[in-house]
Amino acid sequence: VIPMHLFKNKNYISLLVVGFICYFYMNAMNTFAPLAVQKVIGSSTAVSGALQMPRTIITIVLPLIAGAWVGKKAQNVWKSMVIATLLVGVPLAVLGFTTTNTSVMIYFVAIAITGIAESFRAVSITPAAQATLEQKELGVGTSLVNFVNSLSGLIAAAVFGIAYDINTKADPQSVSNIAAGVNSVFLISALVSIVGLAIVLLVVRKQMNAQAKAA
């Protein structure tokens with residue numbers, strides 16, 4: 001049972017929205033990036049399967065450094081969210097212009113950069129959301145954050161599926177149609193992340209600065 005008064009907490013709700021946005025691109029990266037590498041660029045399944053290896057290494061090591069940096073200063077929390085949204089929006093926007101001549105190294109670099117974004121997301125959004133809650137609300141509040149993050153993946157999968165199908169409906173095997181389909185998915189992901197960046201800069205930053213002054 002979710003206490004409805006949580007939804008009156010504007011600081012908490014804004015962080016829920018940012019968390020939702022920060023997870024939105026995951027399906028594009030996990031499903032459509034390998035598809036683009038195989039069907040548009042023409043690389044092997046072995047190459048497409050290795051796309052996330054650099055990202056995985058980054059997400060193992062970097063959160064320790066990012067967490068230490070975030071803990072030094074309260075303002076670093078919203079700055080971490082800026083990094084988490086910006087470093088998804090930019091690389092996904094680049095992938096949104098994939099052609100048969102695109103180098104697969106661009107995919108490795110772009111997905112590795114999202115690993116930096118994920119590292120900063122992990123040490124900022126959930127702790128920041130927890131900080132807006134009372135002690136008795138921590139359990140259900142944290143669960144709601146995780147639920148919203150999972151819900152983001154489900155909604156993103158539906159949106160991406162529609163966008164991809166619209167572009168490939170005429171000929172699902174056409175390389176140009178597949179390229180248009182995956183590009184639309186990447187550009188939607190980039191747009192959503194940029195919206196998240198705007199929310200962090202225009203809403204979350206002001207809220208956290210106000211909290212810091214009050215403290």
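View 1. Leaving out residues up to four places away in sequence, asparagine 149 touches Gly19, Phe20, Tyr23 and Arg121, where contact means heavy atoms within 4.5 Å. Asparagine 149 lies in helix α8, helices being DSSP runs of H or I with at least four residues, numbered from the N terminus. With a relative accessible area of 7%, asparagine 149 is buried; the term buried stands for under 20% relative accessible area, calculated with a 1.4 Å probe on protein chains only. The model is predicted, so that local features need pLDDT of at least 70 and side-chain atom pairs count only at pLDDT 80 or more, while totals for chains, interfaces and linings use all residues. Residues are numbered from 1 along each chain as its sequence is written, and side-chain values use heavy atoms, with hydrogens and water left out.

**View 2. The packing of helices α5 and α6.** The axes of α5 (residues 75-95) and α6 (residues 104-122) come within 7 Å and cross at roughly 165 degrees, the axes being lines fitted to C-alpha atoms over the stretch in contact, with angles from 0 to 180 degrees between N-to-C directions. The two helices, α5 and α6, are therefore roughly antiparallel to each other, a term for angles over 145 degrees. Residues of α5, among them Ser80, Ile83, Leu87 and Leu95, meet residues of α6 that include Ile106, Tyr107, Ile113 and Arg121. The residues of this contact of α5 with α6 divide into 15 nonpolar, two polar and one charged, with Ala, Val, Leu, Ile, Met, Phe, Trp, Tyr, Cys and Pro counted as nonpolar, Asp, Glu, Lys and Arg as charged, and the others, Gly among them, as polar.

**View 3. Threonine 102 in the loop between α5 and α6.** Threonine 102 is placed in the loop between α5 and α6 and, at 14% relative accessibility, counts as buried. Apart from residues up to four places away in sequence, threonine 102 touches Ile41, Phe97 and Tyr107. From C-alpha to C-alpha, threonine 102 and leucine 92 are 14 Å apart in space and ten residues apart in sequence.

**View 4. Tyrosine 107 and the largest nonpolar core.** Among the 32 residues of the largest nonpolar core, Phe32, Leu51, Tyr107, Phe160, Val182 and Phe186 touch the most other members; such a core is a set of buried Ala, Val, Leu, Ile, Met, Phe, Trp, Tyr and Cys residues joined through side-chain atoms within 4.5 Å. The largest share of this core, nine residues, comes from α2. Beyond its neighbours within four places in sequence, tyrosine 107 is in contact with residues including Ala33, Val37, Leu51, Thr102 and Phe186.

Definitions and conventions
Angles under 35 degrees count as roughly parallel, over 145 as roughly antiparallel, 65 to 115 as roughly perpendicular and the rest as oblique. Buried means under 20% relative accessible area, exposed over 50%, partly exposed in between (1.4 Å probe, protein chains only).
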